[in-house]
Amino acid sequence: MSNSSVVYARIDSSLKEEAEAIMSDLGVTPTALIQMVYRQIVLTKGIPFEVRLPGNPVCVGDLSDEQLMDLLAERVEASKVRKTYSKEEFKKKLEDEFCR
């Protein structure tokens with residue numbers, strides 16, 4: 001890359017180790033991940049994932065049966081929207097995107 005820049009960031013050491021272990025399992029380097037995130041920021045013109053404060057924790061014992069079923073149904077539907085990839089699918093997507 002003749003036209004490259006360096007990005008420096010300070011993060012918690014244990015967070016870094018934990019995240020990099022997962023990235024390693026996925027076959028992704030920190031540099032490749034940063035490039036993917038930056039590319040998505042440009043393509044989507046925003047942060048490529050939801051950024052929000054966590055909601056109040058729900059105490060299941062305080063919910064009625066109907067409220068619990070509604071909450072579970074909502075979470076199941078939300079999980080269907082998100083696409084997950086196997087390690088092989090993810091590596092293929094990376095190769096297609098960055099190894100042309």
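Read along the sequence, the chain of this predicted model follows the pattern α-α-α-α, with four helices and zero strands, where helices (H or I, at least four residues) and strands (E, at least two) are DSSP runs numbered from the N terminus. Residues are numbered from 1 along each chain as its sequence is written, and side-chain values use heavy atoms, with hydrogens and water left out. Because the model is predicted, local features need pLDDT of at least 70 and side-chain atom pairs count only at pLDDT 80 or more, whereas totals for chains, interfaces and linings use all residues.

Of the 100 residues of the chain, 7% count as buried, a term that means under 20% relative accessible area, while exposed means over 50% and partly exposed lies in between (1.4 Å probe, protein chains only). The chain exposes about 9,300 Å², of which carbon and sulfur atoms supply 56%; accessible areas come from the Shrake-Rupley method with a 1.4 Å probe, and for residues only the protein chains shown count as cover.

The largest nonpolar core has six residues, namely M23, V28, A32, M36, F90 and L94, and helix 2 and helix 4 (87–98) each supply at least two residues of this core. A nonpolar core is here a set of buried Ala, Val, Leu, Ile, Met, Phe, Trp, Tyr and Cys residues joined through side-chain atoms within 4.5 Å. In soluble globular proteins, nonpolar side chains tend to be buried together.

The C-alpha atoms of V37 and I47, ten residues apart along the chain, are separated by 8.3 Å.

The count of salt bridges comes to one, a salt bridge being a side-chain nitrogen of Lys or Arg within 4 Å of a carboxyl oxygen of Asp or Glu. This pair is formed by E20 and K16, whose closest N and O atoms are 3.2 Å apart. Because E20 and K16 are four residues apart in helix 1 (residues 13–26), they are separated by about one helical turn. E20 is partly exposed, with a relative accessible area of 29%, and K16 is likewise partly exposed, at 37%.
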